[in-house]
Amino acid sequence: MHYVPTEYRYRGPMTRALITGITGQDGAYLAKRLYDIGYTVAGILRRTSVPGQLKKLEWVFGGKIPESIELFYSDLTDAPSLTRIVHDFVPDEVYNLAAQSHVGISFQSPVSTATANALGPMNVLEACRSMGSDAPRFYQASTSEMFGKVQECPQNEATPFYPRSPYGVAKLFSYWLTVNYRESYDLFGCNGILFNHESPLRGENFVTKKITQGLAQILKGKREFIELGNLEAKRDWGHASDYVDAMWRMMQQKKPEDYVIATGIQHSVRQFCEVAADRLNLNLEWQGEREHEVGYSRTLGQTIIRVSPQYYRPAEVETLLGDPRKALKQLCWLPKYTFETLVQEMIDHDLLEQSGGLS
Ligand code: G4F
């Protein structure tokens, strides 16, 4: 079969985008972004018996998901169904955001993580490839976790990978698969190597949300303390809404390439706690050492943070710091949020939620 590079295709104003993982943090922000610029948007979601699956999507659209956004039930492990959806919807762009995205959980559930994060993207890529000369452009949600035990600092597109978890290893597979389909079949495939990106929509078991939501609950008298793992881990934290904009920009380039998306600024989990507590006037004071360390609030006169080894990981990624210069230059991408405005927005949202303002 002959593959026409997609950069030569006419791409009209009503571009059609298919988003796997549309109900997640990034999926919701991306759907809103693409809808706002006139795309026809569709998403893939997994059936679940747990209610509230559409909450994030509803939130970004101010309560009601536009009727024009088509939602398909499928799963990254269901290759025939993915192929049928791609053939029925005929997208111009496919954003593969669905994944088992929790690094810690990937140690407990390595096979399902690899199935979703490595074989899943292969199924999506195959579905795209089966469109022949109509193959859509493909975005793969790659991650800074692939740098793992970092080989240089900061990390850029040429930094060697050294993943430290089943999650990172599986993501490395799909990174290379995307490169391979680009080189083998001329498929327009690009990897966004995104560093940590957060928002009010972040899942409750990621450290930033655990901190902002937990501290808001403590302030409202709903709990006494939160338990955290490694306080010294350093991350380059940005805002998800800035990062989905970078995804879209990558997909509009003439040539498919891979990009590091990061802020270039790093903070530790401990610093995140300090800034969040400061925003809530909790007067945080650290006492003790290692697993006996606690965060004490002088304002409340109680311990509000405890360290619990149950949140330590078998192999930790101690430090991540991205070098986003390629994205800044080639994509003209510039994040709008700073670390401080990110933390503030998360705190404001969680305080409002704990006061019943968002129910
Ligand atoms: O918030 P985290 O769970 O994010 P992590 O592991 O960096 O992964 C996130 O970012 C990646 C991009 O680099 C994505 F690929 C991935 O899907 C996900 O979005 O943990 C951040 C750090 C870790 O070092 C962890 O050990 O915080 C440390 N930490 C300390 N206490 C904790 C906790 N992490 C969690 N989840 N929960 C804790 O109580």
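Author: A residue is called exposed here when its relative accessible area is over 50%, and buried when that area is under 20%. Cys332 has 55% relative accessibility, so Cys332 counts as exposed. The model is a predicted one, and every value below is computed from it.

The ligand comes first. It is surrounded by 26 residues, and the closest are Thr143, Ser144, Tyr167, Arg313 and Glu316. Sorted by type, the residues of this shell are 11 nonpolar, 8 polar and 7 charged. Helix H7, residues 207-219, supplies at least two residues of the shell, and strand S8, residues 226-228, also supplies at least two.

In the side chain of Arg202, an N or O atom is 2.7 Å from an oxygen atom of the ligand. A polar atom of the Val207 backbone lies 2.9 Å from a ligand oxygen atom. His102 has a polar side-chain atom 3.5 Å from a nitrogen atom of the ligand. The ligand taken alone exposes 710 Å², and the protein buries 96% of that area.

Strand S5 spans residues 137-143 and contains Ser142. Ser142 has a relative accessibility of 4%, which is under the 20% limit, so Ser142 is buried. The side chain of Ser142 makes a polar contact of 2.7 Å with the side chain of Asn191. In the loop between S5 and helix H6, the latter covering residues 166-185, lies Pro154. The peptide bond that leads from Cys153 into Pro154 is cis, with omega near -5 degrees.

Next comes the second largest pocket, which holds about 200 Å³ of space. Its lining includes Tyr29, Lys32, Arg33 and Asp36, as well as Trp59, Ser241, Asp242, Lys336 and Tyr337. By type the lining residues are 4 nonpolar, 1 polar and 7 charged. H8 gives the most, with 5 residues. Ala31 is also found in helix H1. Ala31 has 0% relative accessibility and therefore counts as buried. Between the C-alpha atoms of Ala31 and Asp88 there are 19 Å in space, and the two residues are 57 apart in sequence.

The remaining points concern loops. Asn281 sits in the loop between helix H9, residues 269-279, and strand S13, residues 284-287. With a relative accessible area of 57%, which is over 50%, Asn281 is exposed. Its C-alpha atom is separated by 9.7 Å from that of Leu300, which is 19 residues apart from Asn281 along the chain.

Arg290 lies in the loop between S13 and strand S14, residues 294-297. Its relative accessible area is 60%, so Arg290 is exposed as well. Arg290 is not a glycine, although its phi is positive, at about 40 degrees.

Cys332 returns here with its setting: the loop between helix H10, residues 325-330, and helix H11, residues 339-354. Cys332 also has a positive phi, of about 50 degrees, although it is not a glycine.

Terms used:
Residues numbered from 1 in each chain as written. Predicted model: local features only at pLDDT ≥ 70, side-chain atom pairs only at ≥ 80, totals over all residues. Heavy atoms only, no water. 1 Å grid on protein atoms, 1.4 Å probe; cavity = no way out; pocket = protein on both sides within 12 Å on 5 of 7 lines; lining within 4 Å. Points joined across faces, edges and corners; volume = space filled by probe spheres on them. Helix = DSSP H or I, 4+ residues; strand = E, 2+ residues; numbered from the N terminus. Nonpolar A, V, L, I, M, F, W, Y, C, P; charged D, E, K, R; others polar. Near = heavy atom within 4 Å. Polar contact = N/O pair within 3.5 Å; in protein donor to acceptor, adjacent residues only side chain to side chain. Areas by Shrake-Rupley, 256 points an atom, 1.4 Å probe, with all protein chains shown as cover. Buried < 20%, exposed > 50% of the residue type's maximum accessible area, 1.4 Å probe, protein only.
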